[in-house]
There are 2 protein chains.
Amino acid sequence: MLKYQQTADEIERYIEQHELKQGDKLPILEELIRQFAVSKTTMTKSLELLERKGIIFQVRGSGIFVRKTNRTGYIRLFSTQGFKQNLVGHTIESTVLSLEPIAATDNIAKNLGIEAGETVYYVKRIRYIDGKILCLEESYYRQSIVPYLNREIVEQSIFEYLETALQLNIGFSDMYMHVGKLSAESARHLDLTEGDPGLTIETVFHLTNGRPFDYSVITYHYEHSHFVVQANGLYL
Amino acid sequence: MLKYQQTADEIERYIEQHELKQGDKLPILEELIRQFAVSKTTMTKSLELLERKGIIFQVRGSGIFVRKTNRTGYIRLFSTQGFKQNLVGHTIESTVLSLEPIAATDNIAKNLGIEAGETVYYVKRIRYIDGKILCLEESYYRQSIVPYLNREIVEQSIFEYLETALQLNIGFSDMYMHVGKLSAESARHLDLTEGDPGLTIETVFHLTNGRPFDYSVITYHYEHSHFVVQANGLYL
DNA sequence: TAGTGGTCTAGACCACAAG
DNA sequence: TTGTGGTCTAGACCACTAC
């Protein structure tokens, strides 16, 4: 394990164990360097990680402070962690509606950067959070990269399977969001009414080597999905 | 200007000028270091910036490649740049509906971490993108931090005024998103119908020193707001 | 195995915050 | 002015990719 990663984890644990609150001050840089016995550069990198994760903020000339959101029950939309880490304390379950190889349509092909007609695994499922409907998901995996899927895998975390069993290295992703009115079919799956609001996020996932391997379209149940994003140095 | 920042900008310009496309390879690290005459650490930091901005991706043992989204007309939701940079090629205009100091309600006070009753500037405006209604915004600025606002400032970019004229250093922000049905009043302002879908983002903005100074509630027009997020190493 | 990016270090020097 | 975080460097060594 990387030193700066491990150091960051330990500092995070320290914050949790000491139940530090928003605004509480951590030991100064020099002190942290001494305690964790790492170089200044490494400690800086660890702190930068924690900063991006929204756990601390650093003020030059002043100190390092704990950062916390003051709301609970929100789903962390862009966490550095995965879906799982992200939802500690919540139960996620899935019902699989479809699982079959199909030929890529033009739209799927375009998003995955492949030729129309190439075989992709089509997965359709409903995901539940704490027993309530969270979202309807339709995903398309390139079969040349994900050669095999079965119902058991798809009922659990697909990405965990890809990383552990298939040893795929998941890199970056492009997400496209918009809000609209639910179609009759989506509404039926989400146990809502046609025309109700729905947040749709389309995502193209890439491996670390830049190859797209999954295009997914997720429509969230508007009453059960509240998101939080901890951003840094930006203002919309 | 910081060296790593400037180097990053130059590389970005290089990519634009050479019209490089998704997947095109940049010179290798060593070569970049030589060309820009910086240390390896600095170049690494520049590249990391560009990576977070979604402009490149790096593959160990292979090279550095250009990353691009393949969709246009989407608003970059969490750019490292501000709203303005973000919307190059688009025209943003505002109509001010209200601008007055008021006493903070419990909800406002809670979000800003202040006492209820403290004076905040209340700004309500409609924002247009390329002549179309983009969103309805209601913002509350702590008067102790933002002592003065007038109509002229509020019609332009408030944040630009805060940074340049007031010399405030804007740090991080917490954003809370949810989708719902528009109230009659919101619908009227957005020229939509009551019950239509709306994406609401509440944001608490902090200075670099961690003090919250602005709580804003923005409801987006669902037909005119499509967002893109380029994420790194995460999977929802 | 060669090519290429990533981590880590020690230390000099810089820049901002708060009293 | 003092305390404290940020930038930058040169260089050693590590780890992944692709052939």
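A salt bridge, as the term is used here, is a side-chain nitrogen of Lys or Arg within 4 Å of a carboxyl oxygen of Asp or Glu. One such pair is A:E202 with B:R71, whose closest N and O atoms are 2.9 Å apart. Helices (H or I, at least four residues) and strands (E, at least two) are DSSP runs, numbered from the N terminus.

Before going further, a word on the model. This is a predicted model, in which local features need pLDDT of at least 70 and side-chain atom pairs count only at pLDDT 80 or more, while totals for chains, interfaces and linings use all residues. Residues are numbered from 1 along each chain as its sequence is written, chains are lettered from A and ligands numbered from 1 in the order in which they are written, and side-chain values use heavy atoms, with hydrogens and water left out.

## Where the two chains meet

Let us start with the interface. In chain A, 62 residues are in contact (heavy atoms within 4.5 Å) with 63 residues of chain B. The area buried between the two chains is about 5,500 Å², and carbon and sulfur atoms give 59% of it. Buried area here is the accessible area (1.4 Å probe) that two parts lose on being put together, summed over both.

Charged pairs also feature here. Side chains of opposite charge can pair when their charged atoms come close. The structure holds 20 salt bridges over all chains, and eight salt bridges are found across the interface of chain A and chain B.

| Residue | Relative accessible area | Class |
|---|---|---|
| A:E202 | 12% | buried |
| B:R71 | 18% | buried |
| B:D196 | 9% | buried |
| A:K181 | 45% | partly exposed |
| B:R142 | 13% | buried |
| B:E118 | 25% | partly exposed |

B:D196 forms a salt bridge with A:K181, with the closest N and O atoms 3.2 Å apart. This pair crosses between chains, from B:D196 in the loop between α8 (184–190) and β8 (197–207) of chain B to A:K181 in strand β7 (residues 170–181) of chain A.

B:R142 forms a salt bridge with B:E118, and their closest N and O atoms are 3.2 Å apart. B:R142 lies in strand β6 (residues 132–142) of chain B and B:E118 in the loop between α5 (106–112) and β5 (119–129) of chain B, so the pair ties together parts that are 24 residues apart in sequence.

In chain A, A:E30, A:E31 and A:R34 are linked in a network of salt bridges.

## Rings and their partners

Next come the aromatic side chains. Rings of Phe, Tyr and Trp (its six-membered ring) pair if their centres lie within 6.5 Å; planes under 30 degrees apart count as stacked, over 60 as edge-to-face and the rest as tilted. The count comes to 18 aromatic pairs over all chains.

Why is the pair of A:Y122 and A:Y140 called stacked? Their ring centres are 5.3 Å apart and their planes lie at 15 degrees, so the pair meets that rule. This pair links distant parts of the chain, with A:Y122 in strand β5 (residues 119–129) of chain A and A:Y140 in strand β6 (residues 132–142) of chain A, 18 residues apart. A:Y122 is buried at 11% relative accessibility, and A:Y140 is buried at 12%.

The rings of A:Y220 and A:F227 have centres 5.1 Å apart and planes at 85 degrees, so this pair is edge-to-face. A:Y220 is buried, with a relative accessible area of 3%, and A:F227 is buried, with 1%.

A:F57, A:F65 and B:F172 form one aromatic cluster. A charge sits over a ring if NZ of Lys or CZ of Arg is within 6 Å of the ring centre and within 35 degrees of the ring normal. The charged end of A:R71 sits over the ring of B:Y176, 3.9 Å from its centre, and B:K45 lies over the face of B:Y4, 4.8 Å from the ring centre.

Key
Buried means under 20% relative accessible area, exposed over 50%, partly exposed in between (1.4 Å probe, protein chains only).
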